[in-house]
Amino acid sequence: MSPFKQQIRYESQRDLRFADEIMATPGCEDLGGCIQCGTCSGVCPLSIYMDHTPRNIINLARAGFKDDVLTSNTIWLCASCYHCTVECPKSIKITDIMYALKQRAIKDGVYRRGIPIPVLAREFFNMVRRNGRVTENWLATILYLKTDWLAMLKMGGLGLKLIRTGRFSFTMDHIEGREQLRKLLEPSSNNNTSASQGAKQ
Amino acid sequence: MSHHDHEQKNGTHGAEEVRIGVYVCHCGSNIASMVDVEAVAKFAKDLPGVVLSRDYKYMCSDPGQELIAQDIKEHKLNRIVVAACSPLLHEHTFRNATKRAGLNPYFMHMVSIREHASWVHTDRAACTIKAKEILHGAIARVALHKALEKAKVDVNPAVLVVGGGIAGIHSALTLANAGKKVYLVERDATIGGHMARFDKTFPTMDCAACILTPKMSAVRSHPNITLWTWSEVVKVDGYVGNFKVKVKRNPRYINEDLCVGCMECIKACVFKEPKFTDEFNQGLSKRKPVYIPFPQAVPPVVVVDPATCLKLKTGKCKQTCVEACGERKAFDFEQKEKFEEIQVGTVIVSTGFKTVDPHKLPLYGYGIHPEVYTALEIERLINASGPTGGHLVTKKHEEPKSVAIIHCVGSRDEHTNKWCSRVCCMYSLKLAHMIKAHTKAQVYNFYIDMRAAGKGYEEFYNRVLEEGVNFVRGRVAEVTDWAMTPEEEGRLVLRVEDTLAGFVRRIPADMVILATGLEPQPDAQDVRRMFNMSCSTEGFFLERHPKLAPVNTPTDGIFLAGACQGPKDIPDTVAQAGAAAAEALALIDKGHVEIEPNTAFVVEEECSGCKTCISMCPYTAITRDEVKKKAVINPAMCKGCGTCVAACPSGSIRQNLFEDVQVLTEIEEVLVRES
Amino acid sequence: MRYSYFPGCSLKGTGKAYEESLLPVLKALDIEVHELEDWNCCGATAYMAVDESAALKLSARNLAIAEKAKDEVLAPCSACYLVLRKTQKYIQEYPKVGGEVRQALQNAGLEYSGNVEVKHPLDILVNKVGLDAIKKRVKKPLTGLKVATYYGCQIVRPYSAFDNQARPVAMDKLMEALGATVVHYPLKTRCCGGSLTGTISDVGLRLVYILLKEARKNGADIITTLCPLCQFNLDAFQDQIKSRYDDVTTPVVYFTQLMGLAFGIPESELGLKRNIVPAEPALAGKV
């Protein structure tokens, strides 16, 4: 195998509908106006860990390089601190775009394996759909069971501390109106746990 | 007058028989592709009063116009209708053609079957019917037209220039050199504007004061220029060629004619040390209550600040200044504001700009971190006559090891101003060049796009690139004092994405310069109301046409020059100032202005004196004759907007070219369904 | 003053101490609260990552319940605060998704017509109750206690309804009213990493480390927070941070806990024993 991999991109590799699909999600309409100034990456506390900076994600998304965008770790590292949204000189709601991309990655099933966040999102989603509330330590336990057994061992110490300080809930919290909640969420729950209507608004 | 008048239907108007010539233009394929022009012309032939009806490929061409002229002579036509493009484009063309043939040009009526028909519809059959209907209305209307003459108004050759920056100075000198009387009114104590505060100008690195002060001196010594500084225009009345302007002369407490600018009073002032904010030096130094803005001020006369002068505030002072002035006796603490009334024919508004307040960008830390400066502050610091004698040092008087220049501060930003301020990239490059040349500091320029579009500008950018200035393409996210590494301790740190490299960088700096953008003066709305101008959504004064009339305003006789119309550099400002002077000179040279006759007039017998129309007029063209108790319309100021015509409860106001019977007849005939 | 209290899942779980300290403080200031009936999880950041429409519907159920209860909503958790406000805004600004949400509410027998005000306790305390009234209740001023005020992100971004967005001062002023000294803290609104500490620890822990380090560097004895996730992140991982990076151990408390102490409410009633990094050493002698 040659160590020299071709980096060129052809027009046929672009998904020309991708940008419009993202922009159709409420909050993401201004994607087209980006002047690539890089303020978002500059304020983002996570950008230094991302394989593509937020600015570059907007650039790639706008150009339709869908796979690069959806398989990046950027969208999962976004902690929704909204600093980019607030500082963007074009008033682009980048956080909302990150959400739209998360939704799309889960829906298309192309999220990066090895990053626990999509699994966390999905388990959170399921727990709330079923119970109406989240019981944090159970959510964390389920997450570790499904992603990283070893991490659970490391977190064991923390678990004990939480029990000691009374911050560990042994029972699953739930609401009375679970049936009402089911009716409320019905259309979207039809699309399964990885559903997203977002892109098709 | 009823529009059902039988006479008119038969094609007669009063005693005279109406003979109408109709011309339907193809406009190449612009009209002909969607309108069956031959059919339309044929249709017109049978309408009452029409003698001939033609279709032609390009009516606006010479042969097209000749056609009209010839037909008028040969067929003794006394009314013309042209159905073609928008009257905005060629109404004057056809009026002139009509006039050349000896017929009153207002017997020509033009209607658009391009913008109103062929360009906005896709159904050819329906479009042709519409064109017929439009034409029918026009033909009925033109029969009712009356002969009209343009009015002539004399133009006063004196000119008022408002604002004494480089734009105002250049306009004033151009006009004065052409032998015209110029009043130059400037709000500040000296002329010179922002340019007087710059150190060097890009791209030539000319010293701003060195190229400006000769012009300032010329203004002072020019016999044709009356220079009023520390003064403001407070009222403008009148119309093109005949403006009456009231100017308020604020008290300097100095008799300008007696002060020789020796500045002994400043030395002698009871305040031994300067204590008050020096506005000229952007607040970086202090001045005394009596001061001169800068050494080369024009006029070279001191000014006393009533807010800080002890004599003026408390009445109790040793007045060592008066003593130092001695025999010249230039001080006058009793001086009051004075009003001057002048009459001019044209006005040039050149009131300049203000820079963006950097407090609006909190993450850059202006006002919180002492070493964050605006570009204007740095201009003063590096200027030899500035507070540090031209040495770029921190507030602790240390030489910076690293200086950062942030572009686009308050520009291209929806949180402050959306526009690009045009000059900041270049002045940032200039500052970078100068700091590199005069200090040992590392210089960084943080930009989004490098805008270097003028003559010699790209070459200057290249020069700065080669001098080793660090260019980082990225909009700085924040300027912080949070240090992460030993090299950052005690310094300011800029966090920015180097977008070309694709990673985030933290860059320490000892001084941070914000390239603040340009925006309209805070009182732009008040000024524009005073001169009957408009502002664009950005707040700059609005030109009549962005491409073809950049120095005219919709108000005749009022012109714009310089940054008050939009951000621009010095070459463009001077060019625009020359253009405004030329426009003024054109009016003055012609000596008179011709007013279109589509003005409103009051039928005196029918006017009830109710005064409804007076407050309605957007051009303040209507006054009340207190003796006759009737409304009077000044045709020179009337723009023919028709508001008063519609508002008059007794219908006693009519409008030439838009009389009720003319308009209603056109409507009636347009509504007749054709096939 | 009466409010509908929306605790959110965290305040019933890892953030118990927030509720435990908030309620007595509100009581001491004569503010009546009643827990919103059968409230559900707001969805936080996770729901929006899966399905925008579902996230808005989920959050809207709370708004419908709140509207029925008529009082203004008090949401101490920054994420809940943000989500509820964002939902209100988006239902109104985006008619299509707004219509979907209203339809879904209708299917579930609920109704929401936009008449709910969502407030954060810090807002009420500083702007409605007022610092003077708070000062009057202070029995044991926190003299000499050096506090770093940490706001986190979601209370000021993207909606800053009651404080300066870039440099908030509400909690600072509150701490000063309690007699404490507020230290300079440039990272007041820097994100703590949210759920990253538990999922991508390399990244999450470093963010927390930076926050703790800078507070220590500026002389803080203690850090106050107003978000349960921030408190958890800053409090629960300090031993891991010590072994990975440096010892930057600093106790992290809720601002309501300090308020309670200053008001003379016994420590045992303020949930201070729930801190993983004990706060007592820092408070000793200052309270």
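Leaving aside its neighbours within four places in sequence, with which residues is Ile405(B) in contact? They are Ser428(B), Leu431(B), Ala432(B), Val443(B), Tyr444(B), Asn445(B), Phe446(B), Ile513(B) and Ala515(B), where contact means that C-beta atoms, placed from the backbone, lie within 7 Å. This is a predicted model, in which local features need pLDDT of at least 70 and side-chain atom pairs count only at pLDDT 80 or more, while totals for chains, interfaces and linings use all residues. Residues are numbered from 1 along each chain as its sequence is written, and chains are lettered from A and ligands numbered from 1 in the order in which they are written.

**Nonpolar cores**

- A nonpolar core is a set of buried Ala, Val, Leu, Ile, Met, Phe, Trp, Tyr and Cys residues joined through C-beta atoms within 7 Å; a residue is buried if 20 or more other C-beta atoms lie within 10 Å of its own, exposed if 12 or fewer, and partly exposed in between.
- The largest core has 321 residues, and those touching the most other members are Ala404(B), Ile405(B), Ile406(B), Val512(B), Ile513(B), Leu514(B) and Tyr47(C).
- Another core, of 47 residues, lies apart from it and includes Ala41(B), Ile68(B), Ala117(B) and Ala140(B).

**Chain C: overall form**

- Chain C contains 14 helices and 8 strands, taken as DSSP runs numbered from the N terminus (helices H or I, at least four residues; strands E, at least two).
- The radius of gyration of chain C, 19 Å, agrees with the value near 19 Å for a compact globule of 287 residues; the radius is taken over C-alpha atoms, and the globule rule is 2.2 Å times the number of residues to the power 0.38.
- The C-alpha trace of chain C spans about 55 × 45 × 30 Å along its principal axes.
- Of the 287 residues in chain C, 62% are buried.
- Of the chain C contacts between residues at least 6 apart in sequence, 80% join residues at least 24 apart.

**Chain C: sheet**

- Four strands of chain C form an open sheet in the order 2-1-3-4, with parallel pairing; strands pair if DSSP finds at least two bridges between them.
- Strand 2 (32-35) and strand 4 (118-119) of chain C are the edge strands, each pairing on one side only.
- Strand 1 (residues 2-5) of chain C pairs with strand 2 of chain C in the parallel sense over 4 bridges, with Arg2(C) opposite Glu32(C).

**Domains**

- Chain C is assigned domain 1 (2-119) and domain 2 (137-283), with bounds from an automatic or database domain assignment.
- The C-alpha centres of these two domains of chain C are 24 Å apart, and their contact takes 21 residues from domain 1 and 23 residues from domain 2.
- On the domain 1 side of that contact in chain C, helix 2 gives the largest share, 9 residues.
- In chain B, the C-alpha centres of domain 1 and domain 2 are separated by 44 Å.

**Contacts with chain A**

- The contact between chain C and chain A takes 50 residues from chain C and 56 residues from chain A.
- The chain C side has 23 nonpolar, 15 polar and 12 charged residues, with Ala, Val, Leu, Ile, Met, Phe, Trp, Tyr, Cys and Pro counted as nonpolar, Asp, Glu, Lys and Arg as charged, and the others, Gly among them, as polar.
- Chain B puts 17 residues in contact with 17 residues of chain A, and strand 27 (residues 492-498) of chain B gives the largest share of the chain B side, 3 residues.

Methods:
Two residues are in contact if their C-beta atoms, placed from the backbone, lie within 7 Å.
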